[in-house]
Amino acid sequence: MAELIVMPTSAFIDEKMSIHVYGLQKSRSVTIRAFVDERGRNFEAYAHFHSDVNGTVQLDSHPSLCGSYRGVMPMGLFSHMQPSPGQKAGVRLVKKNVTTPLVFDLTVYEGFLSTEEFYSRTSAHKILAKTTVERWYMAKDVERIEIKSGNIRGTLFKPKGDGPFPGIIDMFGTAGGIMEFRAALFSSYGFACLSLPFFGYEDLTKNPVEVDMVYFEEAVDWLVNNPLVMDSGIGIIGVSAGAQTVLKLATICGSKIKACVCINGSPFYTPDEPSRLYKGKVQPTLNVSRESVFVEEDGVFNVTRYWPNKPEDIDHSTMMNLEDSSCQFLFIAGEEDKTWSSKLFSTLACKYLQKHGKSNWKILSYPGAGHLIEPPYAPLCHKCYVAISG
């Protein structure tokens, strides 16, 4: 009788799980499928394997022959999940309620099956073994605290204990609303982390164009002065428009910011983004080419030509004054980003810092990676719907 063993059965989203199948006949063809239902949004992945002479399949050493991925990838069933058939185009697997885990069904089927066959009403599929596993963003001893202080809205995640803890502000971009999963994960590793929305949440404006950097500056002061947080300064991290925002924050908050992580953001002021507006004053922005946006065959809007994509085409006077910050900068760039010219922007930012005698920077640049770079083993989001852009 086949047995599916996963160790551990409950883990953080960025932790590896060991997946083994025992008790098969040798050289038996099997399909292993992972499935998750998150608020009615279904995602899945599958892989084909041949059992070895001992009748086992071990994902950390046996290659997938076909399916959602090929080759040896111990966590491939999680990282290669895609929306199930019938889901809306552009749906993204985002954990909204981080106080509960993502619960995955893992099933071993006889033979090689495809996604179409899983949903066929005429095919009978023999299940050899199955189990469920939990993957968490938030540790069970982390406290989730909703924040409504002055103009600030958001959620503070507090680790176990009295503190003080190292502090982080975590931001996303033009998806709007609040996304708590990354902040919850940081807190699970000992950081007091504020998930900070800036539009489309509670009584905040619905239009990001209206947001002034003083809102974020107020959030920095609030966290720096919080008794739960160490008084040595905080870190800030953002992706997309959030990444651009944290770069600007680093230039205006002085020694309060010790570390700044920019994931696929721009060090240049750009139209319609909060970084260009501070205390009512609007900075000059990059020239853009709105007519150069085009739609790819799979329905994705490619806006890489919207931005200048050569150094000589960029108005360098629109660069933020990064030299005003003494914090450590980490630039993370997806080289196939179709939303920003991220590799170019990161490279130019570091050259700018070098020119001003600075060495407080580092670039991590990933060939083939796109705009959304998520925590390890989270499913790749190939395309997602952005409501504010339609």
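## Two helices that cross

A crossing of two helices is called left-handed if the near helix is turned anticlockwise from the far one by less than a right angle, and right-handed if clockwise. Here, α4 passes α5 in a right-handed crossing. The contact comes from Phe-216, Glu-217 and Val-220 on α4 and from Thr-245, Leu-249 and Ile-252 on α5, where contact means heavy atoms within 4.5 Å. Helix α4 covers residues 214-224 and helix α5 covers residues 241-252; their axes come within 10 Å and cross at roughly 65°. Axes are lines fitted to C-alpha atoms, for helices over the stretch in contact, and angles run from 0 to 180 degrees between N-to-C directions. Angles under 35 degrees count as roughly parallel, over 145 as roughly antiparallel, 65 to 115 as roughly perpendicular and the rest as oblique, so α4 and α5 are roughly perpendicular to each other.

## What you are looking at

This is a predicted model, so local features need pLDDT of at least 70 and side-chain atom pairs count only at pLDDT 80 or more, while totals for chains, interfaces and linings use all residues. Residues are numbered from 1 along each chain as its sequence is written, and side-chain values use heavy atoms, with hydrogens and water left out. As for the element names, helices (H or I, at least four residues) and strands (E, at least two) are DSSP runs, numbered from the N terminus.

## The eight-stranded sheet

Eight strands make an open sheet with mixed pairing, in the order β10-β11-β13-β12-β14-β15-β20-β21. Two strands pair if DSSP finds at least two bridges between them. At the edges sit β10 (143-149) and β21 (361-366), each pairing on one side only. On average, neighbouring strands of this sheet are turned by 15° against each other, direction ignored.

Strand β11 (residues 152-158) runs antiparallel to β10, and seven bridges join them. Arg-144 has Phe-157 in β11 as its bridge partner. Helix α4 turns up again here: it packs on the sheet and touches β10, β11, β12 (167-171), β13 (192-195), β14 and β15 (257-263), with its direction making about 35° with that of β11.

## The six-stranded sheet

There's also an open sheet of six strands, again with mixed pairing, ordered β2-β9-β8-β4-β5-β7. Its edge strands are β2 and β7 (82-83), and each pairs on one side only.

Strand β9 has neighbours of both kinds. With β2 (residues 10-12), β9 (residues 127-136) pairs in the parallel sense over three bridges, and Ala-11 stands opposite Arg-135 in β9. With β8 (residues 102-110), β9 runs antiparallel, and eight bridges join the two. Leu-106 stands opposite Thr-131 in β9.

## A strand with two faces

In a regular strand the side chains alternate between the two faces of the sheet. Buried means under 20% relative accessible area, exposed over 50%, and partly exposed in between (1.4 Å probe, protein chains only).

Strand β1 pairs with β3 (residues 18-22) in the antiparallel sense over five bridges. The partner of Met-7 in β3 is Ser-18.

Ser-325 lies in the loop between β19 (301-302) and β20 (328-334). Is Ser-325 buried or exposed? It counts as buried because its relative accessibility is 1%. A polar atom of the Ser-325 side chain lies 3.3 Å from the backbone oxygen of Ala-250. A polar contact is a pair of N or O atoms within 3.5 Å; within protein, one must be able to donate a hydrogen and the other to accept it, and residues adjacent in sequence count only if both atoms are side-chain atoms. Not counting residues up to four places away in sequence, Ser-325 touches Ala-250, Thr-251, Lys-358 and Asn-360.

Asn-226 sits in the loop between α4 and β14 (234-239) and is buried, at 12% relative accessible area. A polar atom of its side chain lies 2.9 Å from the backbone nitrogen of Leu-228. Thr-285, in the loop between β17 (281-282) and β18 (294-295), is partly exposed at 24%. Leaving aside neighbours within four places in sequence, Thr-285 is in contact with Tyr-269, Thr-270, Pro-271, Arg-276 and Thr-318.
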